[in-house]
Amino acid sequence: MGPTGMSQRPNILSQALDWVEDILAWIAGICIVLMMLAISYSVIARFVFSSPQPAVIELSGYLLLYTTFLGAPWLLRNDGHVKVDLLIAKLGPRGRRVFDVCTSVLGMVVGFVLLWRGAIVTLDFYSRGIKVFNILATPRYVLMAVIPVGGLLLLLEFGRRTYRFVRGREEEPVRLSRSAPSEEERG
C-alpha cells in the first residue's frame, strides 16, 4: 500500500467512528424524547385518570442509562464534557497540551475498564439468565450491554484525542449540528 493509502486509512477509521457516534447520539436523543413522553403520559394517567403507571419510572431509568452511554462519546468528540476552566486557563500552551494528553490517557483507561468489566458482567448475566426483579422483569444483560459499547467508543474517542494532542493538532472536532453564525457570517 502506497503512502496515500496509508494516510487515508486513519481518515476512513476516523470518519467511521464519527458516523457511529452520530448515529448513537441520535438514538440517545430519541431516548430522551421517549423519556419525556413516557413521563408526561404517566403524569396524565395518574392525575387525570387516577391510573398510576409505575413501569414508567423503571423504563425512564433504563432510557437514562442508554442515553448516558450512547451519547457520551459524541459529547466528548464535540468537546462538551465538563472542564475545570479555572485550571486550564492558567496553563500555557505546552502545559495545556500535557494536561490534555494526561486526561485523555486517563479517559482511555476508564473507557477500557468500562469495556472490560462491562463485557464480563454482561456475559455473566446473559449466561445465567438473570432478570431485574421489578415490574418489567427485564433481562439484566439487556441493560448492561450498553456499558461495554459506550466504554469501547469512549476508549476510541479518548485514543483519537490522545493522538491528536500528542501530534500537536488543535483542529476543531466535527460537529453534528452547526453552531449559531458569528457576527461576520451574519453580515
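Buried means under 20% relative accessible area, exposed over 50%, and partly exposed in between (1.4 Å probe, protein chains only). The model is predicted: local features need pLDDT of at least 70, side-chain atom pairs count only at pLDDT 80 or more, and totals for chains, interfaces and linings use all residues. Residues are numbered from 1 along each chain as its sequence is written, and side-chain values use heavy atoms, without hydrogens and water.

**Exercise 1.** Classify Cys31 and Cys102 by accessibility, then state how many disulfides the structure holds.

*Solution.*
- Cys31 is buried because its relative accessibility is 7%.
- Cys102 stands at 45%, so it counts as partly exposed.
- A disulfide needs two cysteine sulfur atoms within 2.5 Å.
- Searching the whole structure gives zero disulfides.

**Exercise 2.** Describe the aromatic pair formed by Phe112 and Trp116.

*Solution.*
- Rings of Phe, Tyr and Trp (its six-membered ring) pair if their centres lie within 6.5 Å; planes under 30 degrees apart are stacked, over 60 edge-to-face, the rest tilted.
- The whole structure has two aromatic pairs.
- Phe112 and Trp116 are stacked, at 6.2 Å centre to centre and 15 degrees between the planes.
- Both residues lie in helix 4 (residues 93-128), four residues apart, about one turn of the helix.
- Helices are DSSP runs (H or I, at least four residues), numbered from the N terminus.

**Exercise 3.** Explain what the pair Tyr126 and Tyr141 ties together.

*Solution.*
- Tyr126 and Tyr141 are edge-to-face, with 4.9 Å between centres and 85 degrees between planes.
- Tyr126 lies in helix 4 and Tyr141 in helix 5 (residues 140-144), so the pair ties together parts 15 residues apart in sequence.
- Tyr126 is exposed at 52%; Tyr141 is partly exposed at 30%.

Note on methods
Helices (H or I, at least four residues) and strands (E, at least two) are DSSP runs, numbered from the N terminus.
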